[in-house]
Amino acid sequence: MPGAAVLERVQTVVLQVAGPTRTPPDAGPDTPLGDGGFWLDSVDLVEVIVACESEFEVSFEGETDLTKEALHSVRALAELIESKRPR
Amino acid sequence: MSPDSLPRSSIALGFREVWRRRPALYSRPLWALMIALDRLPWPWGEDILASLFAAVALVRGSRRRPVLAWASQQPGGRGLRLALAVCAFRGRWVARATLLGVRSPAALSRRAVIRGDEHLTAAPEGTILLGFHLGPPNVDVTLRILGQKLAWFGTSRNSWVWSSEAWRPLSDPRQNLAPPDDEWFWPGYLYRARRILLDGGALFIMADSWIGRAAFPVPLPGGPMIIRSGWLSLCRLTGARVIPVVTHLEGRTQVITVHPALPSPIPRDADPLASWREIITALVSDYVRRYPEQCPVLVFPPTILPRRRGPGRPEPDGHARPPAGGFVRT
């Protein structure tokens, strides 16, 4: 389970990329990043991924990490980030 | 074993497996015919498919009417003759897309040349090779066969040849960033494409893809070509230079023309699209004027089948817009 601080930082990144027009009023950690939520497209999602790499000093593998499930919501992305961080 | 004595990959795979691999964009009768034609020496099957597509246009109004309407809007007024040539090239491109009857990469390389390859000279920065759905398909494959090092970013290939030994070096997943047809999820592939460019590699991508946001239209007689924004996004994410590439057939030889890179770096106060749009519009317009018969995609654009149900992303005014994603069918 990702900590509240990580969730908040990931949500901040997502809000920056989505902007106010695409952010749903009730946006939360389980709001879909794509259709029906923040409506981020592939390019937007890559921008989120790159920003998260910089924010959390982690590195992703395009083939294995960036799946539909891992990029479903802020919570799913935060879980991926947690799994990538050194323990 | 010489390349030309290699067994047909469709035979090696077996009919059942080849049949199972039929892409959704080909009808069953067409796929069956292509499997049969693959037995013939290249390019006999391609020639037969070209003639067949022209003949079908003569007898089927649904094919004849749009192509005649398009042909009548082209300069020169060649009417029926141009219309039939467009349909024949459509058949030829269907054959080329599946590498029908082409037994080995060497066979293809013997009938392909690159013009302007000095523009491909190695540079430290990443390079986007920008293709168009004009002329023979699989330009990136031909470029690779001719010795260029690059990766493909786009939709998956529809051919049985990729499972054969002769073509295996070209089907390396690291050089083919293409999600499977039944699992279109692009961020991972886009991320890998970005990495390739940031590492100074070359990436081939189509400007007039079927998916993604529209960047700008190229006005053409008979209807515009829509340039998408995927390559622009990659360019913005990586600072890669962009080199337009077009290709056409001269007799039996595929000519690949590499143009100079689009002006870069873009001045901060300039709109990159303004100058790039002008260059791309001139390039595409010139191609269509010179080789209208090799542009069937402008007459028969693929039909987009919706993959998503429900409303699309809401517009600022609160109204939903149609889904943008799609599955390609021709």
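**Oblique helices and buried charges**

Me: Why are α5(B) and α6(B) called oblique to each other?

Reply: In this predicted model, α5(B) and α6(B) pack at an angle of about 120°. Roughly perpendicular stops at 115 degrees and roughly antiparallel begins over 145, with the rest being oblique, so the pair counts as oblique. Their axes are 8 Å apart, and the crossing is right-handed.

Me: Which residues of α5(B) meet α6(B)?

Reply: On the α5(B) side they are R63(B), V67(B), L68(B), W70(B) and A71(B). Their partners in α6(B) include L80(B), V86(B) and R90(B). Sorted by kind, the residues of this contact come out as nine nonpolar, one polar and two charged.

Me: What makes R96(B) count as buried?

Reply: R96(B), which sits in helix α6 of chain B, has a relative accessible area of 8%. Buried means under 20%, so R96(B) gets the label. Leaving aside neighbours within four places in sequence, R96(B) is in contact with several residues, among them W42(B), E46(B), L108(B) and R252(B).

Me: What makes the link between D44(A) and R213(B) a polar contact?

Reply: A polar contact needs a pair of N or O atoms within 3.5 Å, one able to donate a hydrogen and the other to accept it. The side chains of D44(A) and R213(B) are joined at 3.4 Å, as a polar contact.

Methods
Residues are numbered from 1 along each chain as its sequence is written. Chains are lettered from A and ligands numbered from 1 in the order in which they are written. This is a predicted model: local features need pLDDT of at least 70, side-chain atom pairs count only at pLDDT 80 or more; totals for chains, interfaces and linings use all residues. Side-chain values use heavy atoms; hydrogens and water are left out. Axes are lines fitted to C-alpha atoms, for helices over the stretch in contact, and angles run from 0 to 180 degrees between N-to-C directions. Helices (H or I, at least four residues) and strands (E, at least two) are DSSP runs, numbered from the N terminus. Angles under 35 degrees count as roughly parallel, over 145 as roughly antiparallel, 65 to 115 as roughly perpendicular and the rest as oblique. A crossing is left-handed if the near helix is turned anticlockwise from the far one by less than a right angle, and right-handed if clockwise. Contact means heavy atoms within 4.5 Å. Ala, Val, Leu, Ile, Met, Phe, Trp, Tyr, Cys and Pro count as nonpolar, Asp, Glu, Lys and Arg as charged, and the others, Gly among them, as polar. Buried means under 20% relative accessible area, exposed over 50%, partly exposed in between (1.4 Å probe, protein chains only).
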